[in-house]
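Try each task before you read its solution.

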Amino acid sequence: MGKKKMVLYGAAALFAVSGVVALPSGNITGGIGCIVIAAVCFLLARKPAREAAGQQAAPRTAGTPAAGSRIAETIRTKVVGVTFQNDDGESRQDILSRMTGDEEIEIEKTTYNGEPAAYVKWGNKILGYLSAELAKDLAAKYPNARYTAEILEISGGGVQTFGCNIELDVIVEEQQRSQRTAGETIVYIDRSSKKYHSKPNCSGMKNPKGIPLSQAKKKYTACKKCCK
């Protein structure tokens, strides 16, 4: 539970008690007023942060792709590593405790032990990471994609650990699609590939992915079995 909700629930309880105390003493107007305020505070605490502020959910802009791009996939996931400290010694739990859920965040690609990884950042502050499995899967499926994200919820608070749930958009360039439709040769790779193949079933590949030959030549060598 976020700090705002805790404050609203606390205010609702205080006004409710004040209203109940005021009514028997004859202060009808004050008692009813306190009860109404308590109800409003309770309803606001129950709503998402944007609605609690009296706003309708605005159309997403962070995940809106630029011309020539498209959203290939949208994923809802939780941020991992939120209980660690950053290199400057600041606790990620302290950072999350100050957030409302309306902040703008970004996803920054990186590597960890030679494997694809991705930071989740608020400004220059690291909140955590995408899970290792998700980062590797996205890197394999969309090697040239960029990611945008927004916060769905800052969870926890009080005696519970703070957490962060996000919605992630994977944005790819339409240029890749136009290359394929222009008649360019398509070859195949998989996650462990060091070579490209003309046949998707060559060398026991798992979940082979087709890419333009010109792109494959930049990172891979031709398979001697099927690329003759």
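E73 has a relative accessible area of 23%, so this residue is partly exposed, where buried means under 20% relative accessible area, exposed means over 50% and partly exposed lies in between (1.4 Å probe, protein chains only). The model is predicted, so local features need pLDDT of at least 70 and side-chain atom pairs count only at pLDDT 80 or more, while totals for chains, interfaces and linings use all residues. Residues are numbered from 1 along each chain as its sequence is written, and side-chain values use heavy atoms, with hydrogens and water left out.

**Exercise 1.** Find the residue with which E73 forms a salt bridge, and say where the two partners lie.

Solution. Begin with the rule: a salt bridge is a side-chain nitrogen of Lys or Arg within 4 Å of a carboxyl oxygen of Asp or Glu. E73 meets this rule with K141, as their closest N and O atoms are 3.1 Å apart. Helices (H or I, at least four residues) and strands (E, at least two) are DSSP runs, numbered from the N terminus. Finally, K141 counts as partly exposed, at 36% relative accessibility.

**Exercise 2.** Describe the salt bridge between R76 and E167, and decide whether each partner is buried or exposed.

Solution. The closest N and O atoms of R76 and E167 are 2.7 Å apart. Because R76 lies in strand β1 and E167 in strand β6, the pair ties together parts that are 91 residues apart in sequence. R76 is exposed, with a relative accessible area of 62%, whereas E167 counts as buried at 11% relative accessibility. In total, the structure holds five salt bridges.

**Exercise 3.** Show on which side of α5 its buried residues lie, and what they pack against.

Solution. The buried residues of α5 are L134, A135 and L138. They cover an arc of only 100 degrees around the axis (taken from the directions from the helix axis to the C-beta atoms), and therefore they are on the same side of α5. These buried residues pack against β1 (69–78), β3, β5 and β6, with contact meaning heavy atoms within 4.5 Å.

**Exercise 4.** Classify the pair formed by the rings of Y119 and Y129.

Solution. Rings of Phe, Tyr and Trp (its six-membered ring) pair if their centres lie within 6.5 Å; planes under 30 degrees apart count as stacked, over 60 as edge-to-face and the rest as tilted. By this rule the structure has one aromatic pair. The ring centres of Y119 and Y129 are 5.5 Å apart and the planes are at 35 degrees, so the pair is tilted. Y119 sits in strand β3 and Y129 in strand β4 (residues 125–129), 10 residues apart.
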